[in-house]
Amino acid sequence: MQSPRPEPAPGDPDTPTSSARSVSEAEPPRCPTRTRLYRDGEVADEGFPAERIGTLLDEGGDTVVWLDLKDPNEADLRIVTEEFGLHPLAVEDALHAHQRPKLDRYHSHLFVNVYAVEVADDATVRTAEISAFVTPRALITVRKDDFDIDGVVSRWDLEHELVGEGGSGFLLHGLLDAVVDGHSDAIEDLQERADDLEDHLFTPERGFDLRRMGFRLRRSLADLRRVVAPMHDVLGRLMRNDVHLVTDALQPYYQDVNDHVQRAAENIDSARDLVANVLDANLTEQGNQLNEITKKLASWAAIIAVPTAVTGFYGQNVPFPGFDHHSGFVTSASVMVVLAVGVYLLLRRRGWL
């Protein structure tokens, strides 16, 4: 859970004072913010203070506003909370980290929580939590971690004409599309690593720990599944008619994102099965190698037992044929060699050596 931020020290010129109404007017700003205004399907303004949102929305026309906040506190959200009537429970979820991916419906808005992901060089999955308040005329995004929001803006610019038909639903689609594409890229990366793991099973490479990498991949896939699997429910609820967010023009776009989510979940399951099969095969192969070593050790022990038995027989303290003669030594040595060679050839013929 995110720890509360310390209160500003009185008289500190480098700390925002309580007189600053929101992050956009504080000097220096409490948290990075971005704003954009769409009117009649076109970008009409951007980079304006959050305090102007209410005024801009009252100017009329088909107006949609986007506000982005990076790691805000409760005071940072106070202006938009009052402006759009955000529910206290939704605000609390937006401020506290490690919420599950979900969609909550409130009287005046929707609350969406999702996770963007990326795969590190060591095959671990890094997540970035993103919360969004969705009203008919505004999208307010709250980012608790680093996330490429510029990529989302680029997607909006490529199909900005849909803003007039979809409103805030179009903006939310761009965000979800970028997040789900990141899921697909992460799964593809982990699938390639799983394929490499399978190659190392029968062509081991010096210094490569197959078991360690296998367990790491299995954990990463489990972490990824926890943030991908709930997305199907989130998309399904968003596309319901009673939500009144996805218009007919946006329906195919949301369905496309939902299809990507389903495919991503299926690919995760197939990759997990592949990693599990590789680990099981590696364990079986280790068992087979141990059996082969045991067979060889038992075979050599049987060969060594032959001269031991002969020398033990001739070492009795009683006279025997050839006792005290060179012929006795030659006989015992010949028996040892013949029997040892015979046992060796028999075991080799049966594949034990």
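The protein exposes about 19400 Å², and carbon and sulfur atoms supply 52% of that area (accessible areas come from the Shrake-Rupley method with a 1.4 Å probe, and for residues only the protein chains shown count as cover). This is a predicted model, in which local features need pLDDT of at least 70 and side-chain atom pairs count only at pLDDT 80 or more, while totals for chains, interfaces and linings use all residues. Residues are numbered from 1 along each chain as its sequence is written, and side-chain values use heavy atoms, with hydrogens and water left out.

**Overall build**

- Ten helices and seven strands make up the secondary structure (helices, H or I with at least four residues, and strands, E with at least two, are DSSP runs numbered from the N terminus).
- Of the 353 residues, 41% count as buried (buried means under 20% relative accessible area, exposed over 50%, and partly exposed in between, with a 1.4 Å probe and protein chains only).
- Among contacts with a separation of 6 or more, 63% join residues 24 or more positions apart (contact means heavy atoms within 4.5 Å).

**Strand β3 and Asp68**

- Asp68 belongs to strand β3, which covers residues 63–70.
- With 0% relative accessibility, Asp68 counts as buried.
- The Asp68 side chain makes a polar contact of 2.6 Å with the side chain of Thr141 (a polar contact is a pair of N or O atoms within 3.5 Å; within protein, one must be able to donate a hydrogen and the other to accept it, and residues adjacent in sequence count only if both atoms are side-chain atoms).
- Beyond its neighbours within four places in sequence, Asp68 is in contact with Pro32, Thr33, Arg34, Thr141, Arg143 and Ile149.

**Aromatic pairs**

- The structure holds three aromatic pairs (rings of Phe, Tyr and Trp, the last by its six-membered ring, pair if their centres lie within 6.5 Å; planes under 30 degrees apart count as stacked, over 60 as edge-to-face and the rest as tilted).
- One of them joins Trp66 and Trp156 edge-to-face, at 5.0 Å centre to centre and with 80 degrees between the planes.
- This pair links distant parts of the chain, since Trp66 is in strand β3 and Trp156 in helix α4 (residues 149–158), 90 residues apart.
- Trp66 and Trp156 are both buried.
- Phe111 and Phe133 form a tilted pair, because their ring centres are 5.4 Å apart and their planes stand at 55 degrees.
- Phe111 lies in strand β5 (residues 110–119) and Phe133 in strand β6 (residues 125–135), so this pair ties together parts that are 22 residues apart in sequence.
- Phe111 and Phe133 are both buried as well.

- In helix α3 (residues 88–95), the buried residues are Ala90, Val91, Asp93, Ala94 and Leu95.
- The elements that cover them include α2 (78–84), β4 (102–105), β5, β6 and β7 (138–143).
- Asp93 forms a salt bridge with Lys102, with 2.8 Å between the closest N and O atoms (a salt bridge is a side-chain nitrogen of Lys or Arg within 4 Å of a carboxyl oxygen of Asp or Glu).
- Lys102 also forms a salt bridge with Asp104, where the closest N and O atoms are 3.3 Å apart.
- Asp93 is buried at 13% relative accessible area, Lys102 counts as buried at 10%, and Asp104 counts as buried at 18%.

**Salt bridges around Arg36**

- By the rule given above, the count comes to 18 salt bridges.
- The side chains of Arg36 and Glu46 meet in one of these, at 3.2 Å from N to O.
- That pair links distant parts of the chain, with Arg36 in strand β1 (residues 33–39) and Glu46 in strand β2 (residues 42–46), ten residues apart.
- Arg36 counts as buried at 6% relative accessibility, whereas Glu46 is partly exposed at 43%.
- Arg36, Glu46 and Asp157 are linked in a network of salt bridges.

- Val337, Val341 and Leu345 make a nonpolar surface patch of about 270 Å² (patches are made of residues with over 30% relative accessible area and no salt bridge; like charges are joined within 9 Å, and nonpolar side chains, namely Val, Leu, Ile, Met, Phe, Trp and Tyr, within 5 Å).
- Val337 has its place in helix α10 (residues 326–349) and is exposed, with a relative accessible area of 52%.
- An α-helix has 3.6 residues a turn, so residues three or four places apart point the same way.
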